[in-house]
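This briefing is meant to be read with the sequence and the model side by side. Please locate each named part in the model as you go, and take the topics in order.

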Amino acid sequence: MVFILGFNFPESRLVKSALQSFYGVGPRHTQRLMAKLYIHDSARVGALVDKQVLDLTAELSNMTIENDLRRKVLDNIKRLRDMGAYRGRRHAMRMPVRGQRTRTQTATAGKLNRVDRFL
């Protein structure tokens, strides 16, 4: 098990998928991080040297990820709601925010906008 930024990863897991498991780190950030630290695309977590693990942890700690990013997104939605903006009202009503149709298929918007109902 390799410990990266508070999470244990099995040694057989790909570095690419391990990095993408963090909230806010997608394929593009993962590719840039791996290129910056000279890690091959098909490298496993167990094959990383201790220095590479420390460098990865340092790079990830400088980024806004996980709980900080979730809090930032929720604060932005709360700000829109308090301001009374159109987007904030749509979030509050659990309706599509970005101009999607509402005649049918609004279940997805209800699922996505559910998070901020508990603020």
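In this predicted model, the cover over the buried residues of helix α3 includes the strand β1 (residues 2-4) together with the helices α1 (15-20) and α2 (27-36).

**Helix α3**

- Helix α3 runs through residues 50-62, which makes 13 residues, and its first and last C-alpha atoms lie 19 Å apart, close to the 18 Å expected at 1.5 Å a residue.
- The buried residues in α3 include Q52, V53, L56 and L60, and because these four cover an arc of only 100° around the axis, they are found on the same side of the helix.
- On the face of α3 that is turned away from its buried side, one finds the exposed residues D50, K51, L54 and N62.

**The largest nonpolar core**

- The largest nonpolar core is made of 19 residues, and those with the most contacts inside it are I4, V15, L19, F22, I39, L56 and L60.
- The elements that each contribute two or more residues to this core are β1, α1, α2 and α3.
- F22, when residues up to four places away in sequence are left out of the count, touches I4, L5, F7, F9, L60, I65 and E66.

**A43, a residue in a loop**

- A43 is located in the loop that lies between α2 and α3, and A43 counts as buried because its relative accessible area of 16% falls under the 20% limit.
- Leaving aside residues up to four places away in sequence, A43 touches R13, L14 and V15.
- Although A43 and V15 are 28 residues apart along the chain, their C-alpha atoms are separated by 6.0 Å.

**The largest pocket**

- The largest pocket has a volume of about 530 Å³, and of the 23 residues that line this pocket, the closest to its centre are I77, H91, R98, L112 and N113.
- The elements that supply two or more residues to the lining of the largest pocket are α4 (67-83), α5 (86-92) and α6 (107-112).
- Helix α4 provides the largest share of that lining, with seven residues.

Definitions and conventions. Residues numbered from 1 in each chain as written. Predicted model: local features only at pLDDT ≥ 70, side-chain atom pairs only at ≥ 80, totals over all residues. Heavy atoms only, no water. Expected span 1.5 Å × (residues − 1). Buried < 20%, exposed > 50% of the residue type's maximum accessible area, 1.4 Å probe, protein only. Arc of directions from axis to C-beta. Contact = heavy atoms within 4.5 Å. Core = buried A, V, L, I, M, F, W, Y, C linked by side-chain atoms within 4.5 Å. 1 Å grid on protein atoms, 1.4 Å probe; cavity = no way out; pocket = protein on both sides within 12 Å on 5 of 7 lines; lining within 4 Å. Points joined across faces, edges and corners; volume = space filled by probe spheres on them.
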